[in-house]
Amino acid sequence: MAELSALELHQVEHADGVCKPVTENQIKSLINAGHNAVRVVALSVSTLADETCEGEFHILPPALPGGLPRVNENAMLHYDRMIVLADKYGLRLLLSFIDREGSNRLARFYEENGEDLYDIHSKTYVAYTHVIKQILQRRNSMSGRLYRDEPAIMAWEIREQPATGEFFTRTLAFIKILDPNHLVLGETASQNDPLIP
């Protein structure tokens, strides 16, 4: 399987700062180049003051202080389209929920730091699992399928950086309860990017 890593298929940022959705030609070009799987970069997380990229971040701050983060419907429409086009052309997607910068931004919503993501009792971890739940239970606006049933999704990636201990096992179990249909990609101290059924 030819895999292309960390591709911004879900949202293409241009020099003018405006984010535009993936096009059919981009997907076809990947297939024509011999790629049948791509790892898509993590969902983007806004800050409390972000106005770049026309505000098209996937994860928005809580509506009220201390509340849970919100999924941005406008940004997720691009994600829906990416999944449908990938399915149409036989491209398989490895999708990551959050990266290091995203965890830092998520933590700032709660006056915590990015490392608090690994504390399963932190507000940041609760927010992270809320994001996961919203994504896995999302119904694709174009296909009508729940994300857990989308054939184009090959695997979910817990995090783009190493994840260990109780954070990893708790998050893995949480994902598999909500979505038993897809693999889960993770990286631990003893395993390098295992695909977990």
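**Chat about rings and helices**

Modeller: Let's start with F167: in this predicted model, its relative accessibility is 1%, so F167 counts as buried.

Biologist: Okay, and how are the rings of Y128 and F167 arranged, stacked or tilted?

Modeller: They're stacked, because the planes of Y128 and F167 sit at 20°, with the ring centres 5.9 Å apart. Y128 belongs to helix α4 and F167 to helix α5 (residues 165-178), so the pair links distant parts of the chain, 39 residues apart.

Biologist: Is Y128 buried or exposed?

Modeller: Y128 is buried, with a relative accessible area of 1%.

Biologist: What about the rings of Y125 and Y128, stacked or tilted?

Modeller: That pair is tilted, since the planes are at 55° and the centres 6.2 Å apart. Y125 and Y128 are three residues apart in helix α4, which means about one helical turn separates them.

Biologist: Which residues do ring pairs link into a cluster?

Modeller: Y118, Y125, Y128 and F167.

Biologist: New topic! At what angle do α1 and α2 pack?

Modeller: About 40°, for helix α1 (residues 24-32) and helix α2 (residues 73-89), and their axes are 10 Å apart. That makes α1 oblique to α2.

Biologist: Which residues meet there?

Modeller: From α1 you get E24, I27, K28 and I31, and they meet R81, L85, A86, K88 and Y89 of α2. Five of these contact residues are nonpolar, four are charged and none is polar.

Biologist: Last one: where is L146 found?

Modeller: In the loop between α4 (123-136) and β8 (153-157). L146 counts as partly exposed, because its relative accessibility is 23%.

How values were computed. Residues numbered from 1 in each chain as written. Predicted model: local features only at pLDDT ≥ 70, side-chain atom pairs only at ≥ 80, totals over all residues. Heavy atoms only, no water. Axes fitted to C-alpha atoms, helices over the stretch in contact; angles between N-to-C directions. Helix = DSSP H or I, 4+ residues; strand = E, 2+ residues; numbered from the N terminus. Parallel < 35°, antiparallel > 145°, perpendicular 65-115°, else oblique. Contact = heavy atoms within 4.5 Å. Nonpolar A, V, L, I, M, F, W, Y, C, P; charged D, E, K, R; others polar. Buried < 20%, exposed > 50% of the residue type's maximum accessible area, 1.4 Å probe, protein only. Phe/Tyr/Trp six-rings, centres within 6.5 Å; stacked < 30°, edge-to-face > 60°.
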